[in-house]
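Work through the exercises below with the sequence and the model open. Try each task before reading its solution.

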Amino acid sequence: MPLLAGLAGAAVTLIVSACSAAAPNGAVPAVAPPGLAQERFPKPQRPVASIISDQWAGEDSRERAGEAAKVMDLLGIRPGMTVADIGAGAGYYVGRLSKRVGPGGRVIAQEVDRRTIDRLGRRVSRERLDNVSLVLGEPHDPRLPPRSVSLALMVHMYHEIEQPFGLLANLVPAMQPNGRVAILDVDGPVLAHGTPHALLSCELAAVGYREVAWHWIEGRSIYLAVFEPAAEPPAPERIVPCGVR
Ligand SMILES: C[S@@+](CC[C@H](N)C(=O)[O-])C[C@H]1O[C@@H](n2cnc3c(N)ncnc32)[C@H](O)[C@@H]1O
């Protein structure tokens with residue numbers, strides 16, 4: 001239990017690291033086995049944005065715009081669901097999701113950056129979000145427990161995923177039947193911290209995902225795209241990166 005060892009009495013569950021750890025409250029499956037290896041996947045044939053911040057924008061302005069409420073309503077997030085916030089960052093969505101899914105639900109706040117999830121763990125403890133678990137993943141593997149997630153949410157982070165094909169393929173076993181993956185991003189260049197719609201559709205389709213809904217969140221610049229994951233993703237060696245089609 002390396003990451004949150006100092007958080008005595010924390011109401012937080014840390015599920016992962018390189019090996020799996022037991023979830024003390026048993027609320028989520030204890031094991032998040034590694035998925036397929038990074039080296040098996042093709043690299044994206046386009047730039048990847050650097051990780052420069054743990055939040056998209058200040059929480060006050062996002063709250064004034066009603067961002068989280070709008071997104072949760074569009075996605076039909078309701079009590080009892082298990083929602084993974086992949087690339088949770090500073091946690092703008094985490095507390096709001098926690099409240100929405102309620103004591104019978106669970107939020108899995110997932111990150112790839114150890115210091116970010118450490119900070120987030122302290123916030124979750126401070127705010128006593130008892131239904132939140134923390135997972136430290138890898139750029140190609142979210143390391144979420146098998147069949148645990150009814151909705152995986154990725155907000156303003158897709159363009160930063162170093163190995164998107166691996167992450168999408170390794171996410172599939174974590175999804176419950178009829179689960180959905182929702183991606184919110186700017187419809188703009190990757191190096192300007194966005195993901196153009198055509199690129200997003202192409203990369204998701206390359207791993208067998210099917211787009212089932214599309215919403216504009218802010219004018220025609222920020223979208224929320226919803227996908228049905230592949231029943232069985234293609235073998236990594238068969239995935240064709242979008243730039244080389
Ligand atoms: C711009 S922040 C957005 C954070 C939050 N979702 C929000 O809306 O404010 C992007 C976050 O995604 C994380 N990230 C980047 N690549 C990731 C990956 N492959 N898996 C999980 N998290 C990742 C970064 O560490 C960073 O905290």
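The model is predicted. Of the chain's 245 residues, 45% count as buried.

**Exercise 1.** Determine how many helices and strands the chain has, and in which order they follow.

Solution. The chain has six helices and eight strands. Along the sequence they follow the pattern β-α-α-β-α-β-α-β-β-α-β-α-β-β. Among contacts with a separation of 6 or more, 72% join residues 24 or more positions apart.

**Exercise 2.** Find out which residues of helix 2 (residues 67-74) are buried and how they are arranged about its axis.

Solution. Start with burial: Glu67, Ala68, Val71 and Met72 are the buried residues of helix 2. Next, look down the axis of helix 2: the buried residues fall within an arc of 120°, so they line one face of the helix. Then turn to the face away from the buried side, which carries the exposed residues Ala69 and Asp73. The cover over the buried residues includes helix 1 (59-64), helix 3 (92-101), strand 6 (175-186), strand 7 (210-218) and strand 8 (222-228).

**Exercise 3.** Identify the residues of the largest nonpolar core that touch the most other members.

Solution. This core has 62 residues, and those touching the most other members are Val83, Val94, Ala109, Leu151, Ala152, Leu153 and Ala182. Strand 5 (residues 149-155) gives the largest share of the core, six residues. Take Ala152: leaving out residues up to four places away in sequence, Ala152 touches Ala84, Ile86, Leu171, Met175 and Val181.

**Exercise 4.** Describe the shell around the ligand.

Solution. Of the 23 residues around the ligand, Gly87, Gly89, Val112, Val155 and Met157 come nearest. By type, the shell divides into eleven nonpolar, eight polar and four charged residues.

Note on methods:
Residues are numbered from 1 along each chain as its sequence is written. This is a predicted model: local features need pLDDT of at least 70, side-chain atom pairs count only at pLDDT 80 or more; totals for chains, interfaces and linings use all residues. A nonpolar core is a set of buried Ala, Val, Leu, Ile, Met, Phe, Trp, Tyr and Cys residues joined through C-beta atoms within 7 Å. A residue is buried if 20 or more other C-beta atoms lie within 10 Å of its own, exposed if 12 or fewer, and partly exposed in between; C-beta atoms are placed from the backbone. Helices (H or I, at least four residues) and strands (E, at least two) are DSSP runs, numbered from the N terminus. Two residues are in contact if their C-beta atoms, placed from the backbone, lie within 7 Å. A residue is near a molecule or strand if its C-beta atom, placed from the backbone, lies within 6 Å of it. Ala, Val, Leu, Ile, Met, Phe, Trp, Tyr, Cys and Pro count as nonpolar, Asp, Glu, Lys and Arg as charged, and the others, Gly among them, as polar. The arc is that of the directions from the helix axis to the C-beta atoms.
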